[in-house]
Amino acid sequence: MESGKKLDLLALSSVPLVMTLGNSMLIPVLPLIAKKLDISSFQVSLIITVYSIVAIILIPIAGYLSDRFGRKVVMVPCLIIAGIGGAVSGWASWKMDDPFITILLGRILQGIGSAGAAPVVMPLIGDMFKSDEEISAGLGLTETANTAGKVLSPIIGATLAAFLWYLPFWFIPFFSGISVLLVFFLVKIPKKKSQKKQSFKEFTHCVKDIFKKNGKWLYSIFAVGCIIMFVLFGILFYLSDILEKQYKIDGVQKGLVLAIPLLALSISSFVSGKKIGQNQQLMKTVMIVGMGLVGVSFIALRIQHSLVFLISFLVFTGIGIGITLPSLDAMITEGIQKEERGTITSIYSSMRFIGVAAGPPAYSYFMSASDHLIYYISAGSSFIAVMVVLLFIKPDKGTEKDPHMPKLA
């Protein structure tokens with residue numbers, strides 16, 4: 001990797017880290033928030049869901065804007081908006097007697113900011129490097145930052161809430177401010193050849209053309225990304241709830257327990273990003289093995305789900321998800337030409353946010369029915385992802401020799 005770009009990557013890695021902290025940090029605190037505000041499990045899950053729904057809608061627009069006006073021009077203002085959203089939620093929790101609606105409004109603002117910040121990182125890394133191996137390594141680093149944020153977030157969130165239950169909201173503008181400074185001063189945008197800016201009509205035509213040519217494998221990657229986030233955020237919501245209600249583990253201890261499977265996810269993501277290179281046959285194999293491991297883990301949990309077994313097999317779940325994510329990122333980034341990369345990767349990020357949005361409320365409903373249903377749904381979703389990869393993602397045998405536009409069925 002080019003040594004002069006290591007600081008750029010460090011700064012860019014702060015963006016998914018900040019966005020992950022701003023969302024996942026609240027997971028262990030949700031039962032406490034529900035108690036403080038006297039709201040239901042479903043209502044408190046909306047704190048995660050409204051953030052994600054806004055992001056789903058706006059991420060593709062942010063991708064288009066980043067392709068048209070520049071990555072950094074979109075990213076920096078959106079980081080500031082995310083920080084403002086966190087401050088609104090924090091202020092409402094601190095000063096208002098009935099803050100729930102205002103907290104949701106703050107989370108909507110944060111979702112707007114996230115929509116224009118984190119998804120732009122992937123195409124920008126694709127712009128910065130010429131070699132697919134360097135792109136894969138860069139994406140692996142940012143995915144590791146993302147997953148490292150997931151590891152740190154329950155610990156940080158639980159620790160902050162031990163002092164004041166709404167303190168995690170106030171940490172969001174703090175982290176966002178640091179990321180704004182890093183991106184503004186350290187990220188150097190590669191110079192592009194002058195080219196005609198697309199009109200919105202030309203843009204939509206171009207997107208339709210991309211999906212006409214590459215739709216089968218693109219839709220498949222979108223589906224797998226959505227399933228992964230659905231299972232991950234759903235099971236984290238479930239685990240946060242069951243640790244407190246069934247095992248009487250709360251506060252910082254709960255944050256540490258939640259961090260165990262996420263640490264496995266982070267380490268495996270880093271290793272996978274380093275190893276996959278530009279070999280798309282290997283990427284496909286890794287995705288099948290990863291999601292298969294997730295499915296098998298939940299079958300095992302259905303048979304035996306004492307606390308030790310629960311944490312142990314969720315570690316295997318973390319490993320499965322961790323090795324899969326960098327392959328998804330690399331395949332979609334390397335498979336699309338640079339001019340359309342921002343748009344397509346943003347749609348992919350939007351699909352992942354659908355999973356994030358759906359996971360907590362769906363698992364809240366499953367929990368009210370049966371713990372066993374949690375394991376059936378999680379295992380079934382994972383095996384659906386395996387079948388999607390097997391049937392619809394078919395790298396061409398010559399893929400490794402064409403680093404610019406991989407041929408996928």
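Tutor: This is a predicted model. Helix H10, residues 280-303, packs against helix H11, residues 307-334, at an angle of about 155 degrees. Their axes are 8 Å apart.

Student: What kinds of residues make up the contact of H10 with H11?

Tutor: There are 21 nonpolar residues, seven polar and two charged.

Student: OK, what about H9 and H11, at what angle do they pack?

Tutor: Helix H9 covers residues 251-275, and its angle with H11 is about 30 degrees. The axes of H9 and H11 are 7 Å apart. The angle makes H9 roughly parallel to H11.

Student: Is that crossing of H9 and H11 left-handed or right-handed?

Tutor: The crossing of H9 and H11 is right-handed.

Student: Which residues in H9 and H11 meet?

Tutor: On the H9 side they include Val257, Ile260, Pro261, Ala264 and Ser272. On the H11 side they include Ile311, Leu314, Gly318, Pro326 and Ser327. By class, this contact of H9 with H11 has 12 nonpolar residues, seven polar and no charged ones.

Student: You listed Ser327. Is Ser327 buried or exposed?

Tutor: Ser327, which sits in helix H11, is buried, with a relative accessible area of 0%. Leaving out residues up to four places away in sequence, Ser327 touches Ser272, Ile276, Met283, Val286 and Met287.

Student: Switching to another pair. How do H3 and H5 pack?

Tutor: Helix H3 (residues 41-69) and helix H5 (residues 100-128) pack at about 35 degrees, with axes 7 Å apart. Their crossing is right-handed. The contact of H3 with H5 has 18 nonpolar residues, six polar and one charged.

Student: Now the core. How many residues are in the largest nonpolar core?

Tutor: The largest nonpolar core has 123 residues. Those with the most contacts inside it are Ile33, Ile47, Met75, Leu218, Phe298 and Ile344. Helix H8, residues 200-245, supplies the largest share of this core, with 24 residues.

Student: Take Leu218 from that list. What is Leu218 in contact with?

Tutor: Setting aside neighbours within four places in sequence, Leu218 is in contact with Ile210, Phe211, Ile332, Ile336 and Ile344. Ile344 is also among the core residues with the most contacts.

Student: And Leu26, where is that?

Tutor: Leu26 is in the loop between H1 and H2. Leu26 counts as buried, at 1% relative accessibility. Not counting residues up to four places away in sequence, Leu26 touches Ile47, Ile48, Arg107, Pro168 and Phe169.

Student: How far is Leu26 from Gly273?

Tutor: Their C-alpha atoms are separated by 27 Å, and the two residues are 247 residues apart along the chain.

Student: Last topic, backbone angles. What is phi of Asp38?

Tutor: Phi of Asp38 is near 55 degrees, a positive value in a residue other than glycine. Most residues other than glycine have a negative phi.

Student: Where is Asp38?

Tutor: Asp38 is in the loop between helix H2 and H3. Asp38 counts as exposed, at 70% relative accessibility.

Student: What about phi of Lys248?

Tutor: Lys248 has a positive phi of about 55 degrees although it is not a glycine. Lys248 lies in the loop between H8 and H9. With a relative accessible area of 65%, Lys248 is exposed.

Key:
Residues are numbered from 1 along each chain as its sequence is written. This is a predicted model: local features need pLDDT of at least 70, side-chain atom pairs count only at pLDDT 80 or more; totals for chains, interfaces and linings use all residues. Side-chain values use heavy atoms; hydrogens and water are left out. A nonpolar core is a set of buried Ala, Val, Leu, Ile, Met, Phe, Trp, Tyr and Cys residues joined through side-chain atoms within 4.5 Å. Buried means under 20% relative accessible area, exposed over 50%, partly exposed in between (1.4 Å probe, protein chains only). Helices (H or I, at least four residues) and strands (E, at least two) are DSSP runs, numbered from the N terminus. Contact means heavy atoms within 4.5 Å. Axes are lines fitted to C-alpha atoms, for helices over the stretch in contact, and angles run from 0 to 180 degrees between N-to-C directions. Ala, Val, Leu, Ile, Met, Phe, Trp, Tyr, Cys and Pro count as nonpolar, Asp, Glu, Lys and Arg as charged, and the others, Gly among them, as polar. Angles under 35 degrees count as roughly parallel, over 145 as roughly antiparallel, 65 to 115 as roughly perpendicular and the rest as oblique. A crossing is left-handed if the near helix is turned anticlockwise from the far one by less than a right angle, and right-handed if clockwise.
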